[in-house]
Amino acid sequence: MHSDKIKVPAPKIQNRQFVKPLLCGPGPCDYWPSVTEAVAYPCITPNCEEFYNVLDEIRAGLQYIFQTQSKLVLAMSGAGHAGMEAVINNLVGPGETLLIAARGVWDQRAEIIAKRLGIKVEVTRVPMNTTFGLEQIETELKRLRPAALFITHGDSSTGTVQKMDGLGQLCHKYGALLLVDTVVSLGGHPFFMDEYEADGVFSSTQKAFSGPAGISPVAFSTRAEEKINNRKHEPSFYFDVKLLAKQWNCYGDTRVYHHTMSPPMLWALRACLQEVSNATLPVVWARNAASTAHFHKRLQEYGFEFFVPKPEERLTTVTTVVLPKGVNYLEFTAVLREKHNILILEGRGPTEGKALRVGIMGANARTEVADILADAMADTLNTMLSSS
Ligand SMILES: Cc1ncc(COP(=O)(O)O)c(C=O)c1O
């Protein structure tokens, strides 16, 4: 039919053979086997009972993993950036000030997003291999009186973890909301949204959740809800949590269509949350901590150095490793992939050319994986040093 009108010929899309590497970068991480099965579950359509029941189960799992009793908990259709944009766009209006606590690449992304939304951005910094103390944050909150503070809990570009105790309370003392990026930490490193009094938190499924990228959990506190209900600005339609809350039945009385969510993503997220709920958070956190501690011990035995000097500031899920002078980071990752079929990544943003980013989390949080990886990294370094 209409073949005479075809001006662009059909491309040859061949079947491909793909040898999957062991995913030990800062994300994406290997899937749980249950997630691999879940993405092939039948398609569920919006507006049916089954669909809304799945959303209810996901919301309950998210309240558990965020450790929040807040009702306004759901997942954005999109990668971690969707969560970041949604949290900023819903909670800070054009002309308001967002204070960004910067130490890596993700706060730079927050800055770009906020500026595009017409938000006034102020930045406070610490050296990239360290984290913030409360005094510095307080000085800036007092001086700038921002509408919100943005901070990254686990930073996958630097391998640091920010201590959260007291941060929300401090923000609230100065009338600011606390926005937190937990993309690479949630489900791998302890996080307690309500205890920290965080107001807008977002995450992703492709890291310690051990699922596919493409759906981004978000949670808003009651303070955040107040702001959302009284804000003067209209956020983007797609990211408007006021509308999405109705689709997700956050208040128990609405089941309406907003957009067609991806069934494989919903099934995958549900499977990730089932893994964590069945094992329980303390067990999952202990598993992640133990495999990383073992990995660090093995790296030290091989003489590798850490990019983050203070052990208490090192993130459980992603470790940043410094190579001896003269060893090329990109080449190291290529040799490791070529010789051992393991994928890790070089630095990103401020750590480019300064560190490797190595992730042991979620389904890979096992001492066997830590041993395989440490041995392969030592072999890669020896290979490179002996050929130079
Ligand atoms: C800490 C952190 N925040 C945000 C992002 C962005 O997430 P995504 O790539 O899923 O959009 C990443 C991705 O690596 C991340 O590690």
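Predicted model: local features only at pLDDT ≥ 70, side-chain atom pairs only at ≥ 80, totals over all residues.
Asn249 lies in the loop between helix 9 (241-247) and helix 10 (263-279).

**Loops**

The phi angle of Asn249 is near 55°, a positive value in a residue other than glycine. Asn249 is partly exposed, because 18 other C-beta atoms lie within 10 Å, a count between the limits of 12 or fewer for exposed and 20 or more for buried.

Thr280 also has a positive phi, of about 80°, although it is not a glycine. Its place is in the loop between helix 10 and helix 11 (281-301). Thr280 has 11 C-beta neighbours inside 10 Å and therefore counts as exposed.

A further backbone feature is the cis peptide bond that joins Gly27 and Pro28, with omega about 0°. Pro28 lies in the loop between strand 1 (22-23) and helix 1 (33-38).

Seven strands form an open sheet in the order 2-10-9-8-5-3-4, and the pairing is mixed. Strand 2 and strand 4 (120-125) stand at the edges; each has a single partner strand, so one side of each has no neighbour in the sheet. Direction ignored, neighbouring strands of this sheet are turned by 20° against each other on average.

Strand 10 (residues 215-220) is mostly covered, with six of its six residues buried. Ile215, Pro217 and Ala219 are buried on one side, and Ser216, Val218 and Phe220 are buried on the other. Strand 2 (residues 73-77) runs antiparallel to strand 10 and is joined to it by five bridges. Strand 9 (residues 200-202) is also antiparallel to strand 10, with three bridges between them. Ala219 of strand 10 is the bridge partner of Val73 and also of Val201.

Leu74 lies in strand 2 and stands opposite Val218 in strand 10. Leu74 counts as buried because it has 22 C-beta neighbours inside 10 Å. Asn382 is 308 residues from Leu74 along the chain, and the C-alpha atoms of the two are separated by 47 Å.

Thr160 is found in strand 7 (residues 160-161). With 27 C-beta neighbours inside 10 Å, Thr160 counts as buried. Between Thr160 and Asn129 the C-alpha distance is 6.6 Å, at a sequence separation of 31 residues.

The neighbour counts quoted above are collected here.

| Residue | C-beta neighbours within 10 Å | Class |
|---|---|---|
| Leu74 | 22 neighbours | buried |
| Thr160 | 27 neighbours | buried |
| Thr280 | 11 neighbours | exposed |

**Helix pair**

Two packed helices are described by the angle between their axes and the distance between the axes. Helix 3 (residues 80-91) and helix 4 (residues 106-116) pack at an angle of about 50°, and their axes are 10 Å apart. That angle makes helix 3 oblique to helix 4. The crossing in which helix 3 passes helix 4 is right-handed.

**Ligand shell**

The ligand is surrounded by 15 residues, of which Ala79, Gly80, His81, Ser156 and Val183 are the closest. By class, the shell around the ligand divides into six nonpolar, seven polar and two charged residues.

Methods: Residues numbered from 1 in each chain as written. Near = placed C-beta within 6 Å. Nonpolar A, V, L, I, M, F, W, Y, C, P; charged D, E, K, R; others polar. Helix = DSSP H or I, 4+ residues; strand = E, 2+ residues; numbered from the N terminus. Pairing = 2+ DSSP bridges. Axes fitted to C-alpha atoms, helices over the stretch in contact; angles between N-to-C directions. Parallel < 35°, antiparallel > 145°, perpendicular 65-115°, else oblique. Left-handed = near helix turned anticlockwise from the far one by under 90°.
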